[in-house]
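Reader: I would like a close look at one part of this model, followed by an account of how the surrounding elements are put together. Please state the cut-off behind each term as you go.

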Amino acid sequence: MNKITWEEIIIKIRKEPAYRELVELAYFEEDLALNVERFRSSEEFEETLKMLRTYTKDISAQKLLDLGAGNGVASAAFALEGYDVTAVEPDPSATIGAGAIRQLVDIYKLKNLQVIEAWGESLPCASQSFDVVYIRQAVHHAAELNNFIRESARLLKPGGVLMSARDHVIYNEMDKQWFLETHPLHRFYGGENAFTEQEYRLAIEGAGLDIVLCLHHYESVINYFPEKRDEVEGKLYERKKWIELAFLKKAPPPLNKISFLINLCYARIEKKLTPVFDERKIPGRMISFIAIKNA
């Protein structure tokens, strides 16, 4: 099949019932404001704001760069929260790119959101211009990972925060091929990609940033969306109760008071238990990082 553009793909899948859920969950609706409102009310954005405010509380963060901004759902959401936002998006499309973000500027009358059409590896912005560089589902698309992160770090003020959210992570090339083969849209345009956790880490640390938080797939709703927090926590509770019951069968009182027996039983139970949260079963599972620029 001939590859088509990203804009053509989005227009195509909007019309096909089989992709209805994907369009909704990925904020690809034709109604741009609806996408923004749904993203703003999501558990993912709620948690993102909480984390950013935690890690920027000492620098009174105001200026935020949204790199690889797509159709601008996050850019507009941050602007509506009061941040001074610069959205960087190379695709000029009015459907899914910079043109869509400009429409959101008009819809919401946003004076604190500007749009730049550029690639992440070469950004037309002054060094040390931003308190936060936020990158949602874009680092794994980098043509040159190290340059992409180095440019992001260049734009951060000392003490500034880089947040890369929801990037696909793989364990090896076989795992990557599995991810690409199962991705619902990769076959149309061939633009998906993923890196190993080590590759992400080396790029971030090599750019002079200190990683202060690494979130694997099931460690935050930022990653495991569209699953809901209460659904995942419910599964965690069920798993915990199962382990406790299995433990009591293996080590009834008074044996369950002996430390080394407790550790031995739990280790054996965990080994035998089919994990509820095994991210290896998820092709292209997500990873997120928060890193701080050395002062």
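Which residues does His186 touch, not counting residues up to four places away in sequence?

Author: This is a predicted model, in which local features need pLDDT of at least 70 and side-chain atom pairs count only at pLDDT 80 or more, while totals for chains, interfaces and linings use all residues. Residues are numbered from 1 along each chain as its sequence is written, and side-chain values use heavy atoms, with hydrogens and water left out.

His186 touches Leu180, Gly191 and Glu192 when residues up to four places away in sequence are set aside, contact being heavy atoms within 4.5 Å. His186 belongs to helix 9, residues 186–189, where helices (H or I, at least four residues) and strands (E, at least two) are DSSP runs numbered from the N terminus. With a relative accessible area of 15%, His186 is buried; buried means under 20%, exposed over 50% and partly exposed in between, using a 1.4 Å probe and protein chains only.

Helix 6 can be followed in the same way. Its buried residues are Ala98, Gly99, Ala100, Ile101, Leu104 and Val105, and these pack against helix 3, helix 5, strand 2 and strand 3. Gln103, also in helix 6, counts as partly exposed because its relative accessibility is 33%. Beyond its neighbours within four places in sequence, Gln103 is in contact with Leu32 and Ala94, and its C-alpha atom is separated by 9.4 Å from that of Gly72, 31 residues apart along the chain. Just after helix 6, Lys109 takes a positive phi of about 55 degrees.

Helix 3 and helix 6 pack at an angle of about 80 degrees, with axes 10 Å apart; axes are lines fitted to C-alpha atoms, for helices over the stretch in contact, and angles run from 0 to 180 degrees between N-to-C directions. That angle makes helix 3 roughly perpendicular to helix 6, a class that spans 65 to 115 degrees, whereas angles under 35 count as roughly parallel, over 145 as roughly antiparallel and the rest as oblique. Leu32, Ala33, Val36 and Glu37 of helix 3 meet Ala100, Gln103, Leu104, Ile107 and Tyr108 of helix 6 in this contact.

The largest nonpolar core has 37 residues, and Phe39, Leu52, Leu64, Phe78, Leu113 and Tyr134 have the most contacts inside it. Such a core is a set of buried Ala, Val, Leu, Ile, Met, Phe, Trp, Tyr and Cys residues joined through side-chain atoms within 4.5 Å. Among the elements that give two or more residues to this core are helix 3 (32–40), helix 6 (98–108), strand 3 (113–116) and strand 4 (130–136), while helix 5 gives the most, with six residues. Apart from this core lies another, of 31 residues, among them Leu123, Val139, Val169 and Leu209.

Seven strands form an open sheet of mixed pairing in the order 3-2-1-4-5-7-6, two strands being paired if DSSP finds at least two bridges between them. Strand 3 and strand 6 (209–215) stand at the edges, each with a single partner strand, so one side of each has no neighbour in the sheet. Neighbouring strands are turned by 20 degrees against each other on average, direction ignored. Strand 1 (residues 63–67) and strand 2 run parallel and are joined by five bridges, with Lys63 opposite Asp84 in strand 2.
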